[in-house]
Amino acid sequence: MDCKEVRNLLSAYLENEDFAQRKIVSEHLKTCRNCAGELEELKATISTLAGVEKLEVPSDFLEGVHRKIKPEHQINEVWKKLFCPLHIKLPLEAVAVAATVFLVLTIYNQIALQPKPQRVALKSELAKAPLIASPEREATITLVSDDIERDLKLLPLLVNEVGGKIVEPPKEAFVKKEKFVEKKLLPQAEMADRMERKAVSVPTRSFDMTFQIPQDKMSIFMYKLEAIAPPEAEYGRALKSKELPKSEPVIIHLKLNSPQ
Amino acid sequence: MNEDFILIDRFLAGDGKAFDELVIKHQQKVFNIAYRMLGDYHDANDIAQDAYVKVYYALRTFRRDASFSTYLYRVVVNLCKNRLKSRGRERKRIAVSLNDPMETEEGIEQREIKSTAPCAREILDAKEKEKLIREAIGSLEDGFREVVILRDIEGLSYEEIAQIINIDLGTVKSRLHRARMTLKDKLKGII
């Protein structure tokens, strides 16, 4: 075994792998000072890496995670903060009566104090609204799923969870996609590195579906969608128009593909 | 039953505190993996938190064919890789080639990179050494960086690393050796 081969085995040697090879390396190291030196340097590198400082997690790390898990978790926290410090529990009826009185008063104030010109403003806003869905309120997302059957069951649940509505249920479409494969040109060893790239059609399972998601639930929906897809999956970005009235849902055309 | 799986079951049954326990239990390792991958404290904090947010929404679909920690580390490593990719795109936009002539008050001159190797041993204090290690790890190629971090800094097994990065054991070993040899050369002056 020459020095180059021995050096390629030094990590394995340090990790106590392959007893037979270890013996050969060990014999070589006894007679070769250069390789023995390499081994010492490698050991020093590994121990330097093992000894790097481990940083402390910032004290508000968990709080930061809570802040990012919006809005469900936050709402739970708000409820807890509102009601947990109270030693007496309010009866549900009392809360409901108070909430109804508050709501009636608010609506009454809105109607009584609403200036008339606002109706005109509402009309003009309606006039601006397009009759057919504008492209800005639509988004196309492609999801590469490692388990298409599971995700077909999960997606409607997910849409439901965020208060969305299924417009078009999943429809299967078989598509053939081109994939490049490398093909050896000549079998001889000296030509083995000469390859030819050739396109072949690969059948891909694909499902198309359309649904509506309330605008204020879009970020939570995207989070949940990411959770469905494995971390390596690629997905498009949902586009949202700033001019889109808050009440308008976003229409999502989703393509669920099996990996190629 | 695995302690993490018990916590996951409690979380899925509606106990939010169980998720917090999962965060606290693994946060040190998750944070340090992100820090070593990205070399920046604030970015590491951001990405480590994002990993937990992602896991929070994915726990329902977590199939338990690997341990929870393996799954969590896979998420954080992938998020770090994405962040590094987007950083790379940013950097390309503002990058100045070291061969480009540099404009100074005396006129235009060639850039020079001074070697720090000869007197490095004498002047390095712990902080500078740490910085050089960080830079050396940062200069490793994608695919090699995470292997050396997970093995030599975080002490994970080959099998776990293979599952996290989704490569076979042989590739883990060969990448680890190459990454170590590169770091050995880069850190020659300080170890």
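Analyst: Asp208(A) has a relative accessibility of 32%, so Asp208(A) counts as partly exposed. This is a predicted model.

User: Why is Asp208(A) called partly exposed?

Analyst: Partly exposed covers what lies between under 20% (buried) and over 50% (exposed). Asp208(A), at 32%, falls in between and therefore takes that term. Lys255(A), with a relative accessible area of 29%, is partly exposed because of the rule that applies between those limits.

User: What makes Lys255(A) and Asp208(A) a salt bridge?

Analyst: The rule asks for a side-chain nitrogen of Lys or Arg within 4 Å of a carboxyl oxygen of Asp or Glu. For Lys255(A) and Asp208(A), the N to O value is 3.0 Å, and the pair is a salt bridge. Lys255(A) lies in strand β4 of chain A and Asp208(A) in strand β3 of chain A, so the pair ties together parts that are 47 residues apart in sequence.

User: Which parts of chain B does the salt bridge of Arg36(B) and Glu130(B) tie together, and why are these two residues called buried?

Analyst: The closest N and O atoms of Arg36(B) and Glu130(B) are 3.0 Å apart, and the two form a salt bridge. Arg36(B) belongs to helix α2 of chain B and Glu130(B) to helix α6 of chain B, so parts that are 94 residues apart in sequence are tied together. Buried means under 20% relative accessible area. Arg36(B), with 3%, is therefore buried, and Glu130(B), with 14%, is buried as well.

User: Which residues are joined into one network by salt bridges that share partners?

Analyst: The network consists of Glu38(A), Glu41(A), Lys184(B), Asp185(B) and Lys188(B). One of the salt bridges in the model is formed by Lys184(B) and Glu41(A), whose closest N and O atoms are 3.5 Å apart. This pair crosses between chains, from helix α9 of chain B to helix α4 of chain A. Lys184(B) counts as buried because its relative accessibility is 2%, whereas Glu41(A), at 30%, is partly exposed. Over all chains, the count is 28 salt bridges.

User: How many salt bridges are counted between chain B and chain A?

Analyst: There are 8 salt bridges between chain B and chain A. One of the salt bridges joins Asp46(B) and Lys68(A), with the closest N and O atoms 2.6 Å apart. On the side of chain B that touches chain A, α2, α3, α4, α6, α7 and α9 of chain B each supply at least two residues. The largest share, 12 residues, comes from α3(B). By class, this side of chain B has 22 nonpolar, 8 polar and 17 charged residues. The contact takes 47 residues from chain B and 44 residues from chain A. About 4400 Å² is buried between the two chains, 60% of it on carbon and sulfur atoms.

User: Why is Lys68(A) called buried, and where is it placed?

Analyst: Lys68(A) has 18% relative accessibility, and the limit for buried is under 20%, so Lys68(A) counts as buried. The place of Lys68(A) is in helix α5 of chain A. In that helix, 6 of the 8 residues are buried. Leaving aside neighbours within four places in sequence, Lys68(A) is in contact with Tyr223(A), Asp46(B), Gln49(B), Asp50(B) and Val53(B).

Key
Residues numbered from 1 in each chain as written. Chains lettered and ligands numbered in written order. Predicted model: local features only at pLDDT ≥ 70, side-chain atom pairs only at ≥ 80, totals over all residues. Heavy atoms only, no water. Contact = heavy atoms within 4.5 Å. Buried area = accessible area lost by both parts, 1.4 Å probe. Helix = DSSP H or I, 4+ residues; strand = E, 2+ residues; numbered from the N terminus. Nonpolar A, V, L, I, M, F, W, Y, C, P; charged D, E, K, R; others polar. Buried < 20%, exposed > 50% of the residue type's maximum accessible area, 1.4 Å probe, protein only.
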